[in-house]
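The sequence and structure come first.

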Amino acid sequence: MGFGMWYDGGNPSCYVAPKSDYKSPEDFKEECIAEADGYYEVGPVRERHARWFPVAPEGIDIDGGCYAFCSAGRGSFAVWVADVKEIEE
């Protein structure tokens with residue numbers, strides 16, 4: 001898994017990336033702001049955990065597997081997360 005936008009119900013929700021890919025949360029936020037390119041307001045950075053699910057967890061409307069947030073534990077890894085909000089013109 002690399003840096004990317006995650007969606008909730010087809011709407012942009014947050015940027016997510018493995019914590020191990022960045023020296024600091026500030027580095028991650030800089031990439032988020034650059035990627036948002038003025039289209040999204042980027043919220044504060046926080047740490048969560050994610051893992052690959054071979055079958056999407058209940059409530060996620062995807063056929064097949066996907067990455068999703070989870071509790072720390074077997075198969076999980078730390079990720080940086082920054083919520084996004086579309087900027088109204």
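## Salt bridges and strands

Lys19 is partly exposed, with a relative accessible area of 30%; here buried means under 20% relative accessible area, exposed over 50%, and partly exposed in between (1.4 Å probe, protein chains only). The model is predicted: local features need pLDDT of at least 70, side-chain atom pairs count only at pLDDT 80 or more, and totals for chains, interfaces and linings use all residues. Residues are numbered from 1 along each chain as its sequence is written, and side-chain values use heavy atoms, with hydrogens and water left out.

The structure holds two salt bridges, a salt bridge being a side-chain nitrogen of Lys or Arg within 4 Å of a carboxyl oxygen of Asp or Glu. In one of them, Lys19 pairs with Glu47. Glu47 belongs to strand β3 and Lys19 to the loop between β2 and α1, 28 residues apart, so the pair links distant parts of the chain. Helices (H or I, at least four residues) and strands (E, at least two) are DSSP runs, numbered from the N terminus. Glu47 is partly exposed at 40% relative accessible area.

Asp83 and Arg46 also meet in a salt bridge through their side chains. Asp83 lies in strand β5 and Arg46 in strand β3, so this pair ties together parts that are 37 residues apart in sequence. Asp83 is partly exposed, with a relative accessible area of 35%, and Arg46 is partly exposed at 32%.

| Salt bridge | N to O distance |
|---|---|
| Glu47 and Lys19 | 2.9 Å |
| Asp83 and Arg46 | 3.3 Å |

Strand β2 (residues 11–18) runs antiparallel to strand β1 (residues 4–8), and five bridges join them. Two strands pair if DSSP finds at least two bridges between them. Met5 stands opposite Tyr15 in β2. The hairpin of β1 and β2 has two residues between the strands, and Gly9 there takes a positive phi near 65°. Strand β2 is also joined to strand β5 (residues 77–86) by five bridges, again antiparallel, and Val16 has Val81 in β5 as its bridge partner.

Two loop residues remain. Asp61 lies in the loop between β3 (40–53) and β4 (66–70) and is exposed, with a relative accessible area of 79%. From C-alpha to C-alpha, Asp61 and Gly9 are 8.0 Å apart in space, although 52 residues apart in sequence. Ser24, in the loop between β2 and α1 (25–36), is buried at 17% relative accessible area. The Ser24 side chain makes a polar contact with the side chain of Glu26 (3.2 Å). A polar contact is a pair of N or O atoms within 3.5 Å; within protein, one must be able to donate a hydrogen and the other to accept it, and residues adjacent in sequence count only if both atoms are side-chain atoms.
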